[in-house]
Amino acid sequence: KHKRLQYASLQSEQANKVFQNHPELMSLKTIVFDNSGHLSTQSNAVLLIFKELGWPFSWVYAFKIVPKFIRNKVYSWVAKNRYRWFGTCKIN
């Protein structure tokens with residue numbers, strides 16, 4: 001709504017710039033959130049994105065109190081099953 005968030009695919013020029021400075025991220029199969037140079041992955045990235053979306057989505061950030069290893073297990077489970085639950089969308 002406020003154009004604060006942008007999406008970039010892993011093959012994009014924006015992603016390549018991030019990977020040049022952080023090559024360790026190239027091997028990850030997860031979401032990466034770049035907040036002014038501070039990079040977050042997995043559940044931390046998702047929580048920060050929800051926080052940036054503002055109300056009514058920002059309440060999800062309260063799950064930050066859950067230990068990271070538990071949040072990341074839930075993140076991995078959702079990531080593994082997302083296509084089965086929500087399907088896929090082809091973009092032309």
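Ala, Val, Leu, Ile, Met, Phe, Trp, Tyr, Cys and Pro count here as nonpolar, Asp, Glu, Lys and Arg as charged, and the others, Gly among them, as polar. The views show a predicted model, in which local features need pLDDT of at least 70 and side-chain atom pairs count only at pLDDT 80 or more, while totals for chains, interfaces and linings use all residues. Residues are numbered from 1 along each chain as its sequence is written, and side-chain values use heavy atoms, with hydrogens and water left out.

**View 1. The lining of the largest pocket.** The lining of the largest pocket divides into 12 nonpolar, 7 polar and 4 charged residues. At least two lining residues come from each of α1 (13-21), β1 (32-35) and α2, where helices (H or I, at least four residues) and strands (E, at least two) are DSSP runs, numbered from the N terminus.

**View 2. The packing of helix α2 against helix α3.** Helix α2 (residues 42-53) packs against helix α3 (residues 68-86) at an angle of about 85 degrees, and their axes lie 8 Å apart; axes are lines fitted to C-alpha atoms, for helices over the stretch in contact, and angles run from 0 to 180 degrees between N-to-C directions. Therefore α2 is roughly perpendicular to α3, a term used for angles of 65 to 115 degrees. On the α2 side, Gln42, Ser43, Asn44, Val46 and Leu47 meet Lys68, Arg71, Asn72, Tyr75 and Ser76 of α3, contact meaning heavy atoms within 4.5 Å. The residues of this contact comprise 3 nonpolar, 5 polar and 2 charged.

**View 3. The lining of the second largest pocket.** With 8 residues, α3 provides the largest share of this pocket's lining, which divides into 14 nonpolar, 2 polar and 3 charged residues.

Key: Angles under 35 degrees count as roughly parallel, over 145 as roughly antiparallel, 65 to 115 as roughly perpendicular and the rest as oblique.
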